[in-house]
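These notes are meant for a colleague who is opening this structure without having seen it before. They go from the overall layout to single residues, and each point can be followed on the display.

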Amino acid sequence: MLARIGTDRSGAAPIYAVDDVFADLFEANARYAAVKHEVFPSGVARRSLAIVTCIDSRIDPLAVFGLVPGDAKILRNAGARVTPDVLRTLALAVAVLGVTRIAVVQHTDCKMESAPPGELRRAVEESVGTPLPDFDPLAIDDHTTTLAHDVSALLDSGLIAAGTVVAGLVYDLHSGRLSTVVAPRHS
Ligand SMILES: [Zn+2]
């Protein structure tokens, strides 16, 4: 049982005691480890696929794409943006881990798209109590513009091997359906 010692600034999110803050995870892990589970022999993406998607906890990438562990590299960050570390990771995934196709998947009802301009940076500033003029949350203007930008950033990075196919998709949280916004193309 997790010990709550307070709530965050919003009053809605619990803050847990440090000593047992991950107790629920270890309890679940003990049950997981007690059951025999298959481990694939290598970290190569069995379906040659990498997916960049958002951290939104309502998205279940394995279920949405019909995947099982071992099939794909899944990268997640706020807004599913192509950042320097996403580029670094995908360069390695393509060069070393068998990835030949990359889907950048934004989603409907994303906080990174719906927040008014400046709100995300102000939220971080307020959470740490100091101005952060250089902090860029990489908010999404609109899916079409941002996905076109990020797909081009990937293809033009010089880090992704020629022939790797990249597309920009949007996942509708409510219908569960994917749609293509930036058609698949390769460098
Ligand atoms: Zn999101």
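1. Two strands are said to pair here if DSSP finds at least two bridges between them. With that in mind, in this predicted model strand 5 and strand 6 (residues 165–171) pair in the parallel sense over 7 bridges.

2. On the overall layout, the chain is divided into domain 1, covering 1–37, and domain 2, covering 39–186. The centres of the two domains, taken over C-alpha atoms, are separated by 28 Å.

3. In what order do the strands of the open sheet stand? The sheet has 5 strands in the order 4-3-5-6-7, and its pairing is mixed. Strand 4 and strand 7 stand at the edges with a single partner strand each, so one side of each is left without a neighbour in the sheet. From one strand to the next, the twist averages 15 degrees.

4. Strand 5 (residues 101–107) deserves a careful look, because 6 of its 7 residues are buried and the strand is thus largely enclosed by the rest of the structure. Besides its pairing with strand 6, strand 5 is joined by 5 bridges to strand 3 (residues 49–54), and these two strands run parallel. Within that pairing, V52 stands opposite V104 in strand 5.

5. Helix 3 lies across strand 3, strand 4 and strand 5, and runs at about 175 degrees to strand 4. Helix 6, for its part, lies across strand 5, strand 6 and strand 7, and runs at about 155 degrees to strand 6.

6. Which residues touch the most other members of the largest nonpolar core? Of its 32 residues, these are A50, V52, L90, I102, V104, V105 and L154. The elements that give two or more residues to this core are strand 3, strand 4 (72–77), helix 3 (84–96), strand 5, helix 6 (143–155), strand 6 and strand 7 (178–186).

7. Is helix 5 (residues 119–128) largely enclosed or largely in the open? The number of buried residues among its 10 is 0, so the helix lies largely in the open. G129 follows helix 5, and its phi is positive, near 75 degrees.

8. G43 lies in the loop between helix 1 (23–33) and strand 3, and this glycine counts as exposed because it has 12 C-beta neighbours inside 10 Å, where exposure is assigned at 12 or fewer. G43 and A72 are 29 residues apart in sequence, while their C-alpha atoms are 9.2 Å apart in space.

9. Strand 1 (residues 4–7) and strand 2 (residues 14–16) run antiparallel and are joined by 3 bridges, with T7 standing opposite P14 in strand 2. The two strands form a hairpin with 6 residues between them, and in the turn G11 has a positive phi of about 85 degrees.

Conventions: Residues are numbered from 1 along each chain as its sequence is written. This is a predicted model: local features need pLDDT of at least 70, side-chain atom pairs count only at pLDDT 80 or more; totals for chains, interfaces and linings use all residues. A residue is buried if 20 or more other C-beta atoms lie within 10 Å of its own, exposed if 12 or fewer, and partly exposed in between; C-beta atoms are placed from the backbone. Helices (H or I, at least four residues) and strands (E, at least two) are DSSP runs, numbered from the N terminus. A nonpolar core is a set of buried Ala, Val, Leu, Ile, Met, Phe, Trp, Tyr and Cys residues joined through C-beta atoms within 7 Å. Axes are lines fitted to C-alpha atoms, for helices over the stretch in contact, and angles run from 0 to 180 degrees between N-to-C directions. Two residues are in contact if their C-beta atoms, placed from the backbone, lie within 7 Å. Domain bounds come from an automatic or database domain assignment.
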